[in-house]
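Good morning, everyone, and thank you for making time for this. Please have a look at the chain on the screen, and then I will walk you through a few places in it.

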Amino acid sequence: MAQSIWLTNNIKSFDSLNESLETDVTIVGGGITGILSAYLLSENGVQVVLLERGRLLHGTTGHTTAKVTAQHGLIYNELMEHFGLENTQKYYQSQVEAIQFIKRMTEQYQIACQFDQQDAILYTNSDQNYKKLEDEANAYQKLNISADLMKEIPFEIPHKAALTMRQQAQFHPTDFLKVIIDKIIENGGKIYENTTAVDIDYQNKVTLRTARNHNVLSDNVIVATQFPFYEGQAFYSTRMYPSRSYVIGLTSNRDYPGGMYLDVDQPKRSIRYVKQKDETIWLLGGESHKTGQYKKENTNPYRDLQSFGSQYLDVKDWHYKWSTQDYTTLDKLPYIGSLNKRHPNVYVATGFRKWGMTNSVVAAHLLTDLIMNRDNPYKELYKPQRFHADPDVKKFISYNSNVTKELVKGKLSVNNKHEHLEPKTATKTNHNGQTIGIYKDERHQLHAVDTTCTHLGCECNWNHADKSWDCPCHGSRFSYDGTIIEGPATKHLKKFDLEN
Ligand SMILES: Cc1cc2nc3c(=O)[nH]c(=O)nc-3n(C[C@H](O)[C@H](O)[C@H](O)COP(=O)(O)OP(=O)(O)OC[C@H]3O[C@@H](n4cnc5c(N)ncnc54)[C@H](O)[C@@H]3O)c2cc1C
């Protein structure tokens, strides 16, 4: 089933905004970050309005793998080298507090969301990464993280070593957040779906304009849209890149052995389980790549994940498949705080590097404290205006100069032969000097769009696996008929009429 397991429950729906409003804080983005921020502020008596472009929880949050852990891949040794022990301790501590918060909420509101303590395990089969795993284990020791470096994992997946972080957790994110949404409403918060924020006008107060030309006037705005829909000359486009990954849900003939796994070699594999009715669904994730950029034509990440599953996980049946994306910042730490000096009352929370179940909690607390003029120990660490000299910046710059290359490359490499297009495939063609993307649907109907991304003008590429036009620069994605699916773009791709 081409659907996320997290979106099979009934999530309450809300009307779109059809009038102008005034409130204390406007929150844009109905994922975990926006929802938790709205919850915490409304718990503190602050009036909130939450705006969501589509449906609540249908962004990355509804497509995550929802491990609730402070084990964020191989990161602590690297953070210690770049930011020192104290800052790394702060990062770890903020994530631990986030896990405790989710646990506390599930207990306080008795949320049936399968919150379940599990060990998080990194494993490797390469000598080079074995050394990195040892370095990471040493970093854990310095940070007093309860951990074990082991030789075995309970799978027949080739491996040489594994590093366990004890007592982490997993949960069902939308079952959890459905209850939090109810609390926002109980606290007097207002939620609007199918309402796209398109612009911000910054005077004494902040006026946020929606695509249907309604204004929301407030003292503060939180932009929780992953890539900020409004950049306010803060150059987030040059400071983050989007990466996409794929997940499949399967049943196995084996009992699930417990634990949440992440391969540190390439291609990465992530494994956890979730209960659904009487079945244990194993979630197998991986096949990450920069959004809109593919190493080979017709690449099929789902097929590659399935072949890994068939080889190592004793698959009984395939159930779900989905994909989603998240952003990584220049120094791998999230950006949480004021957009920039010129916009102190406009806040962002982004760059969670695929670890947003805890980072969103950190963000919601930090932004609530900033808005309520309270101190927060993590303010400086996550401040978007920081600049940390990081050796990886060089790699990042080459990643991002790739944005310019993609812009030019995309405009040149077009294929003029769409006559022989197979159903459910797409190609690009040149029409009167303009690049047009053409998709042939299962009824042989052609759909033509201008493949120039409406965000900053990069050239979108066809995503064979998900049947979408994906922007390789900042991660905007559009369906085959040009409708926005996700990312920073606020306008659909231009459509063309073709003689079918
Ligand atoms: C494959 C994958 C697996 C992951 N697994 C894990 C994991 O196991 N553990 C973990 O901690 N993290 C994981 N993550 C990361 C985590 O899922 C994300 O960091 C988190 O869900 C981001 O939440 P968010 O609320 O910031 O963004 P989203 O959930 O994407 O919400 C943003 C919302 O903003 C809306 N929006 C966008 N633009 C506008 C606009 N202009 N106006 C109004 N609304 C707008 C969107 O429609 C969307 O609903 C994973 C990420 C990926 C890609």
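The peptide bond that joins Gln266 to Pro267 is cis, with an omega of about -10°. Most peptide bonds are trans, and most residues other than glycine have a negative phi.

Before I go on, please keep in mind that this is a predicted model, in which local features need pLDDT of at least 70 and side-chain atom pairs count only at pLDDT 80 or more, while totals for chains, interfaces and linings use all residues. Residues are numbered from 1 along each chain as its sequence is written, and side-chain values use heavy atoms, with hydrogens and water left out.

Two residues other than glycine with a positive phi come next. Asp314, with phi near 50°, lies in the loop between helix H5 (301-312) and strand E15 (315-329), and Asn373, with phi near 55°, lies in the loop between helix H6 (356-371) and helix H7 (379-382). Are these residues buried or exposed? Asp314 is partly exposed, with a relative accessible area of 37%, whereas Asn373 is exposed at 73%; buried means under 20% relative accessible area, exposed over 50%, and partly exposed in between, with a 1.4 Å probe and protein chains only.

Now to the ligand. Which residues come nearest to the ligand? Of the 33 residues around it, they are Thr33, Glu52, Thr61, Thr65 and Asp326, where near means that a heavy atom of the residue lies within 4 Å. Helix H1 (32-43), E15 and H6 each supply at least two residues of this shell.

The backbone takes part as well: a backbone N or O atom of Thr60 lies 3.0 Å from an oxygen atom of the ligand, and a backbone N or O atom of Gly356 lies 2.9 Å from a ligand nitrogen atom. Taken alone the ligand exposes 1,000 Å², and the protein buries 95% of that, with areas from the Shrake-Rupley method and a 1.4 Å probe.

Finally, stepping back to the whole chain, its secondary structure comes to eight helices and 25 strands, and 59% of its 500 residues count as buried. Along its principal axes the C-alpha trace spans about 65 × 55 × 50 Å.

Key. Helices (H or I, at least four residues) and strands (E, at least two) are DSSP runs, numbered from the N terminus. A polar contact is a pair of N or O atoms within 3.5 Å; within protein, one must be able to donate a hydrogen and the other to accept it, and residues adjacent in sequence count only if both atoms are side-chain atoms.
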